[in-house]
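Hi,

Here is the structure I promised to pass on. Please have a look at it, and then read on for what turned up.

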Amino acid sequence: MKPTLRSRTLTTAFMFVVAVYVLLPVWWLLVSATKSGGDLFDTPALWFGEINLGTNVGRLMEQDGGVYPRWLMNTVIYSVGGAVGATVVSAMAGYALSKYPFRGRGAVFAVIMFAVLIPIPLLGLPLYLLLTQLGLLNTMWGVLLPSMVSPFGVYLARVYADAAVPTDLLEAGRLDGAGELRIFFTVAVRLMAPALVTLFLFQFVAIWNNFFLPMIVLNDEKLWPITLGLVKWNSLRTGFYRDMVITGAFVSVIPVILAFIGLQRFWKADLAAGSVKV
């Protein structure tokens, strides 16, 4: 049945309200990052005053001996390294659960589903004790290794492999003499690309915004990500650092936006493109 004018109008209005609700904080952050400390309170909150974005960014990069660029680089290392590792591990685990029958496969998948439901804060103390035993506290590996484990990623990869990777195609590869690793990387990975890109972006954003794990693992300020650094500056409660917190938050959003823009084309890929190129 064709939608009526009233239903289309109501739907459009609802979507507009949702868009405003989502984008308004981003707009405020953009506007505030361009203002000087005085203009933050002397000009309209949602409109520009005197543009000082370049000056603010320059001060941000020099603040406290130039520690912000180091925090930014640490965040990139944690996010990219953790997201790549989680994507590879989840893809291989989900593919194995989908395509290799073995005793206890259902029980393993049930445990993974149960792990998805566990709140992350509940794992804080066990994780801290485990990293202490391994000698990984206050190291980058203490943040990277836990970030490479994603139960939801395994679930997503398993479900997507069930739907997108034909078993007949795998059997054809085996008949041609291809090994299991070659079949996985040349056939399965290409067919699972949209799901793997989605998983990478989810994990990238989750690690980029992560505060709890670095807080319990890292003591050295030089190893901190942006989240810990901005919280420290914000706790100082001075007008000067307030400017740095706003500008730093604005700069930290840019890589996430670029990641979404750069990877969105993979969601539009034909699911069968991989089998054609093999």
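First, some ground rules. This is a predicted model, in which local features need pLDDT of at least 70, side-chain atom pairs count only at pLDDT 80 or more, and totals for chains, interfaces and linings use all residues. Residues are numbered from 1 along each chain as its sequence is written, and side-chain values use heavy atoms, with hydrogens and water left out.

**The chain as a whole**

The chain has 14 helices and zero strands; helices (H or I, at least four residues) and strands (E, at least two) are DSSP runs, numbered from the N terminus. The C-alpha trace spans about 70 × 65 × 35 Å along its principal axes. Of the 278 residues, 36% are buried, where buried means under 20% relative accessible area, exposed over 50%, and partly exposed in between (1.4 Å probe, protein chains only). The accessible surface is about 16,200 Å², and carbon and sulfur atoms account for 71% of that surface. Such areas come from the Shrake-Rupley method with a 1.4 Å probe, and for residues only the protein chains shown count as cover. Among contacts between residues at least 6 apart in sequence, 72% join residues at least 24 apart; a contact means heavy atoms within 4.5 Å.

**The cores**

In soluble globular proteins, nonpolar side chains tend to be buried together. A nonpolar core here is a set of buried Ala, Val, Leu, Ile, Met, Phe, Trp, Tyr and Cys residues joined through side-chain atoms within 4.5 Å. The largest one has 38 residues, and Y68 and W233 have the most contacts inside it. Helices that each supply at least two residues of this core include helix 1 (5-33), helix 3 (53-99) and helix 12 (226-235). Helix 13 gives the most, eight residues. Leaving aside neighbours within four places in sequence, Y68 is in contact with L60, M61, I226, L230, W233, G248, V251 and S252. There is also a second, separate core of 17 residues, with A164, V165, F184 and A195 among them.

**Pocket and cavity**

Rolling a probe the size of a water molecule over the atoms shows where empty space is left. On a 1 Å grid over the protein atoms alone, a cavity is a set of points where a 1.4 Å probe fits but cannot get out, while a pocket is an open set with protein on both sides within 12 Å along at least five of seven lines; lining residues have an atom within 4 Å of a point. Grid points are joined across faces, edges and corners, and a volume is the space filled by probe spheres set on the points.

The largest pocket holds about 700 Å³ of space. Its lining has 22 residues, and I120, P146, V149, P151 and Q203 lie nearest the centre. Helix 10 provides the largest share of that lining, five residues. By class, the pocket lining has 17 nonpolar, five polar and no charged residues. For these classes, Ala, Val, Leu, Ile, Met, Phe, Trp, Tyr, Cys and Pro count as nonpolar, Asp, Glu, Lys and Arg as charged, and the others, Gly among them, as polar.

How many cavities of 30 Å³ or more are there? The count comes to one. The largest cavity has a volume of about 40 Å³ and is lined by T75, Y78, V143, I207, W208, N210, P214 and P225. Helix 3 and helix 10 each supply at least two residues of this lining.

**Some single residues**

T34 lies in the loop between helix 1 and helix 2 (39-42). T34 counts as buried because its relative accessibility is 4%. Not counting residues up to four places away in sequence, T34 touches F48, E50, I51, N52, L53 and N56. N56, in helix 3, is also buried, with a relative accessible area of 2%. The C-alpha atoms of N56 and A33 are 7.4 Å apart, although 23 residues separate the two along the chain.

Most residues other than glycine have a negative phi, and most peptide bonds are trans. D64, in helix 3, has a positive phi near 50 degrees. N138, in the loop between helix 5 and helix 6, has a positive phi of about 60 degrees. D64 is partly exposed at 36% relative accessible area, and N138 is partly exposed at 27%.

Happy browsing!
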